[in-house]
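Trainee: I would like to learn how to read the pockets of a protein. Could you take me through them step by step?

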Amino acid sequence: MIADVDNDAIVYLNGEYIRLADARISVLDRGFIFGDGIYDVVPAYAGRPFRMAEHLDRLERSLKSISINVDMERADWEALVTDMLHRSGLGDCMVYIQVTRGVAKRDHAFPKNVSPTVFCMVAPFDRPTATERDQGLSAVSLTDVRWLRCEIKSISLLGNVLAKQAAVDAGVDEVVQFRDGYLTEGASSNMWVARNGVLLAPPRDNLILEGIRYSLLEALCVQTDVPFEARAISREEVATADEIMMTSATREVLPITQFDGKPVGDGQPGTVYRKLRAAYDQRIKDLEQA
Ligand code: PDD
């Protein structure tokens, strides 16, 4: 039995639907041995996937970027997500998909003739609370010491794990990472800054994971008349920002109102956040009512 999870939940492992507590992989799986694999997290509301096409585009990009060939077409991935959601019977939840290079003798180079391990589970997620939305979160700055391929949604997450633990140890909700004095992202979220009414985002490059909410927020900016600019953002610009916010599949969009122990702007969620939040909520409502 595994603590704090639904051991009876049905998971998908290599073509089979089985109980979570019964799912087994080999100790020689390259995901276990090397962290050699990728994943994605698709949020769902009222049991309906949110931006599934974009998440599956990224999943396929991730697979291609590390040369894993899975015998699954786009329609198969879509069927897996909808099937898993249906079986789970959950409303607000996330579909986690992980693919590793498979099971082979331990040897760093890619093995020949192995089948990738494909795993999928669905877990409930709590949407951000009213307090989190209305009062905001706290964060501290952290030097980004991760590798230079952060654009790959890799399961090798040690850097992110250590970053998140640094937040826990500091008694805050998230870290804001900087590389060479410029903003990258959170431990498991993208970071955004508002200055003079303009929403700023770090460039889409190898130093961040481009969240599915990156393009979404860009589109919501157009919709809500918020100017948007993607460019390098200095530590000083973050420290003196009017607003800081973060996005992720499970945290949606949330304001950061305390940064390095000081209030961000006036310490309240700002106007850019409020506009984007309202537009984001509307997208979810549209999905729930579709
Ligand atoms: N993490 N950057 C990092 C390093 C992340 O781990 C995530 C998401 C994001 C935001 O991406 P998206 O908007 O597509 O969720 C950015 C997921 C939720 C996780 O690891 O659980």
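Predicted model: local features only at pLDDT ≥ 70, side-chain atom pairs only at ≥ 80, totals over all residues.

Trainee: How much space lies in the largest pocket?

Mentor: Start with the volume, which here is about 750 Å³. Then look at the lining: 35 residues surround this pocket, and Tyr 39, Lys 153, Ala 187, Ser 188 and Leu 209 lie nearest its centre.

Trainee: Which element gives the largest share of that lining?

Mentor: That is α5, with five residues. Elements that each supply at least two lining residues include β3 (37-45), α2 (52-65) and β13 (243-248).

Trainee: Why does the largest pocket lie between domain 1 and domain 2?

Mentor: Check who contributes to the lining. Domain 1 (10-124) and domain 2 (130-289) both give residues to it, so the largest pocket lies between them.

Trainee: What about the classes of the residues in that lining?

Mentor: Sort them by class: 15 are nonpolar, 13 polar and seven charged.

Trainee: Now, what volume does the second largest pocket have?

Mentor: About 620 Å³. Its lining has 30 residues, with Val 11, Leu 20, Phe 119, Met 121 and Val 122 nearest the centre. By class, this second lining holds 19 nonpolar, six polar and five charged residues.

Notes:
Residues numbered from 1 in each chain as written. Heavy atoms only, no water. 1 Å grid on protein atoms, 1.4 Å probe; cavity = no way out; pocket = protein on both sides within 12 Å on 5 of 7 lines; lining within 4 Å. Points joined across faces, edges and corners; volume = space filled by probe spheres on them. Helix = DSSP H or I, 4+ residues; strand = E, 2+ residues; numbered from the N terminus. Nonpolar A, V, L, I, M, F, W, Y, C, P; charged D, E, K, R; others polar. Domains from an automatic or database assignment.
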